[in-house]
Amino acid sequence: MHFLEFEKPIAELEGKIDELRHLSDGGGINIADEVRKLEDKVDKLLRSTYAKLSPAQKVQVARHPNRPHCLDYINALITDFTPLAGDRVFGEDRAIVGGLGRFRGRSVVIIGQEKGHDTDTRIRHNFGSAKPEGYRKAQRLLALASRFNLPVITLVDTAGAYPGVGAEERGQAEAIAKSIETCLRARVPIVSAVIGEGGSGGAIAIATADRVLMLEHSIYSVISPEGCSGILWRSNTNAADAAAALRLTAQDLKELGVIDRIVMEPIGGAHRRREETILALGNAIDDSLESMRGQDGGTLIARRREKYLAMGQKGLG
């Protein structure tokens with residue numbers, strides 16, 4: 001387990017538990033009562049710590065390397081998954097994973113950003129930061145969903161779109177804008193879930209949905225706290241202040257009306273109980289799809305349009 005800076009007291013207690021278990025296994029000493037007491041302390045400390053996380057600490061949890069990623073959700077929730085590759089214009093972008101599959105008996109199109117779990121997979125998936133061809137692949141899959149009347153599930157987990165020269169040369173901004181437009185015009189239900197980090201236009205490109213869900217300790221913002229700090233203070237030392245000002249937590253965004261539902265995580269975050277988190281998100285996605293069952297394409301487009309216009313009007317007000 002990778003422990004975050006604010007989890008040091010928890011790490012120390014869990015280290016003691018591991019030592020005691022080792023002693024018990026190796027020497028035949030019965031120390032089960034002492035282990036239980038320490039486990040109770042860990043549970044209480046986890047509850048108290050995670051009940052009062054600051055925005056900056058939530059950023060750390062959202063980026064935790066052990067959190068379940070897009071492919072973990074696909075492998076657990078989607079059966080008969082058939083990946084589709086390429087944008088039919090330039091090439092394949094592995095930062096965005098997508099394809100056809102079945103979600104609890106429904107045929108669906110699923111699109112998500114994959115960060116990777118280790119050095120090799122992070123490089124292969126470009127840390128979840130897509131290039132224009134990734135967003136054009138998403139557009140192709142959205143068009144496919146509309147053609148065959150398949151609901152769409154999108155999983156958001158990216159620090160932002162790839163900012164390299166090549167991406168800009170190939171029309172990064174246009175690709176993101178076109179993805180947003182394609183989402184708005186899709187004639188099928190779209191459910192989007194922010195499972196970790198929802199960064200800037202790179203996230204919005206596939207999160208312009210009928211229902212937007214967020215895991216309890218995920219984040220969603222127009223810019224990273226470090227990027228905001230760099231612009232305003234010419235240094236990333238004020239990233240914690242920026243995180244608080246950006247209102248990037250699920251709780252803030254629910255209050256602002258930007259998202260529709262918060263999916264609670266197990267005590268200690270999604271990285272501690274991955275299967276439980278995946279199941280909870282699957283249930284929330286299922287509920288969201290069920291709430292839109294039977295709605296025709298015209299109704300979905302009109303309500304989606306009203307939803308995002310209302311956000312702008314509320315913000316201007």
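A salt bridge is taken here as a side-chain nitrogen of Lys or Arg within 4 Å of a carboxyl oxygen of Asp or Glu. The model is predicted, so to speak of local features a pLDDT of at least 70 is needed, side-chain atom pairs count only at pLDDT 80 or more, and totals for chains, interfaces and linings use all residues. Residues are numbered from 1 along each chain as its sequence is written, and side-chain values use heavy atoms, with hydrogens and water left out.

In total, 24 salt bridges are found in the structure. One of them pairs arginine 136 with glutamate 174, with 2.8 Å between the closest N and O atoms. This pair joins distant parts of the chain, 38 residues apart, with arginine 136 in helix H6 and glutamate 174 in helix H8. Helices (H or I, at least four residues) and strands (E, at least two) are DSSP runs, numbered from the N terminus. Glutamate 174 is partly exposed at 43% relative accessibility; buried means under 20% relative accessible area, exposed over 50%, and partly exposed in between (1.4 Å probe, protein chains only).

Arginine 170 forms a salt bridge with glutamate 133, their closest N and O atoms lying 3.0 Å apart. Here the loop between helix H7 (165–169) and helix H8 (172–185) holds arginine 170, while glutamate 133 belongs to helix H6 (residues 132–148). Glutamate 133 is buried at 5%, whereas arginine 170 is partly exposed at 26%.

Arginine 106, buried with a relative accessible area of 14%, bridges to aspartate 286 at 2.5 Å between the closest N and O atoms. Finally, Arg63, Lys115, Asp157, Glu197 and Glu226 are joined in a salt-bridge network.
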